[in-house]
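The sequence and structure are shown first.

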Amino acid sequence: MSRLIIISNRVSASTGSQSGAQGGLSVALTAALRENGGIWFGWSGEATEHFTGHINFQKQDGVTTATVDLEEQDIEEYYNGYANRTLWPLFHYRIDLAEYERGFAGGYQRVNERFADTVYPLIDSDDLVWVQDYHLLPLGQELRKRGLNNRLGFFLHTPWPPRRLLSTLPEAEELVATMFAYDVIGFHTEEWRDSFYNFVVDEMGARADGDDLILGDHVVKAIVCPIGIDAKEFTALASSPRARLTYRQMRDSAVGRDMIVGVDRLDYSKGLEERFLGYERFLREHPEERKEIFLLQIAPPSRGEVGSYQKIRTALEGLAGRINGAYADLDWVPIRYVNQGYARIELAGVYRAAKIGLVTPLRDGMNLVAKEYIAAQDPEDPGVLILSRFAGAAAQLTEAVQVNPYSAEEMSDAIMVALRMPREERVRRWRSMMDNIEAEDVMWWMRSFTDVLRAAPVAANDRVEAVAS
Ligand code: GDG
C-alpha cells in the first residue's frame, strides 16, 4: 500500500495517551499514518530569524512528523494575516471582518512555496499526498510545479462561501484556479460543495460531469465527505473513572439544577454572543425557570493576536457580566463563563452532566462538539442537543433540536422544548444521532477520502506543465 503524506498548517500527532489530550482528527490521521506509513508535515508553531527549510523529524509510536519553523513576517502575513484575517472570516460569510491586503496574499503564497520546497524532497513517487485546510489552498499547484505527479488530495475543514461573497476576494479566481492541481477535493456537506461548484462553473467557466469539475485540461473530483469523531474512544472516555469524577463534581456543583453546556474555541463564527442573548431571552421570558438552570460556557481563547478575536473576547466578558448582573441572586449565577481549556477526558464528563448541549455557531464547516456531546451521553437518560442549522453537522444530526442562531426567540423556545422533552423522545432522538456518529466516524471519513483519492487516475506529466503555466 502506498505511503501517506499529510500536510497541514500545524502537526499534532497523537501520542496515544489515555488522557485524551488530542482531538479526533489527530487520532485519525495518526492512525492512518501508522496503517500506511508516511509523514505528517507542517509548521512547528515556532518562529525563526531566517527561514532555512531545516526539518525537525520526530518519530513517535511509529509515526514520523516533520516540522519547519517560520519567520515572524511569515507568521504575521500567512497565519495571522491571510489565513486568519482574510480567508477564515470570508469562508465563514463574514466579509465585514475580512481584511484584503496584498501583503497578506504575498506572505500566504510565499509560505505555500516554502512548504512545497521543503516537503517535496520527502515525497516518493507512489505516495498518496493529502493537504489539509484553508491555510494551504495553493500548495498542490506549488508541488505540481516542482514536478509532483502523485495522487494529490485536499480537504477543506471550513465552509466554502457562496460565490457572490467569494467574488469579493481580489484574487479569488487565481486562488481557486490553483485548486485544479488536486485530483480530489473534499467538503463536509453538499452545501459547501455546491458553493464551490457554483463558483468554478458560473464565475470561471468550468464544466461539470458528475462529481468531476473540468477547467481546461484539468479535472478535479469534488466530493462530500463529512468528518466524524472517534466515537468509540469518546464513549470510552466518557465512562472512564476521571470523566466520572468530573461528572460527579459537575452534578454536585449544580445542586439539582439542569446544566446547559457550550464548548467552543473563542471565535466569532461560533455565535457565542447570539447564544448568550438567546439564553438571556429565555431567562426574561421564563422567570419561573431562572433558578432551575444555568449555562456553563467553556471558551478557551484562540488566535489572540488577531484584533477581531480580542474584540469578541471583550464583548463576551461584557455580555456575561451584564446578564449575570441583571439576574444573579445570592445562591445562583445564570452564566458560568470559563476562559480556559480542559482535558478531553474532563470535557467528556462535563458533556455527560449537561441536560442540554447548546451548539449554535453562525457558520461552521462541521462542528465536532455536537458529535462529542452526543457520544458522551448516558444511553438510558441522554441530554438534548440544540444545534444551529448553519453547522455542517446539521445535515447529519437531523434529530437535534435545530435552531436559527440569529434568532433569540428560536433559541429561547428550543431551550424550553429541550427542558420539557420526555425521556422516550430523548432516547429516540439520541439513538438516531448516535447511529450516524458510530457509522460515520473519523476512521470512516479518512478511509472514504483516501479510497476516492487512491482510485483517481494517475496524474500525467503534461498536467504539470499546464497547471504550472
Ligand atoms: C474546524 C472547523 C470542523 C474545545 N474546547 C476544548 C477542546 N475543544 C475541542 C473540542 C473539539 C474541537 O476542539 C473543536 O472542534 P470543532 O469542530 O467544534 O471546531 P474547530 O476548532 O473550529 O474546527 C470545524 C473541524 O475543523 C474538523 O473538520 O468540525 O467546523 O471549524 O474536538 O472538543 N478540547 C480540549 N479542551 C477544551 O477546552 N481538550
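## Basis of the description

A polar contact is a pair of N or O atoms within 3.5 Å; within protein, one must be able to donate a hydrogen and the other to accept it, and residues adjacent in sequence count only if both atoms are side-chain atoms. The model is predicted: local features need pLDDT of at least 70, side-chain atom pairs count only at pLDDT 80 or more, and totals for chains, interfaces and linings use all residues. Residues are numbered from 1 along each chain as its sequence is written, and side-chain values use heavy atoms, with hydrogens and water left out.

In the side chain of Arg265, an N or O atom is 2.8 Å from an oxygen atom of the ligand. For His157, a polar side-chain atom lies 2.6 Å from a ligand oxygen; for Glu372, the distance from such an atom to an oxygen of the ligand is 2.6 Å.

## Composition of the shell

The ligand has 21 residues around it, where near means a heavy atom within 4 Å. They comprise 11 nonpolar, 5 polar and 5 charged residues. Domain 1 (4–228 + 443–468) and domain 2 (231–439) each supply at least three residues; these bounds come from an automatic or database domain assignment.

## Setting of His188

His188 counts as buried because its relative accessibility is 3%, the limit being under 20% relative accessible area (1.4 Å probe, protein chains only). Its side chain reaches the backbone oxygen of His157 at 3.1 Å and the backbone nitrogen of Ile227 at 3.4 Å.

Key. Ala, Val, Leu, Ile, Met, Phe, Trp, Tyr, Cys and Pro count as nonpolar, Asp, Glu, Lys and Arg as charged, and the others, Gly among them, as polar. Buried means under 20% relative accessible area, exposed over 50%, partly exposed in between (1.4 Å probe, protein chains only).
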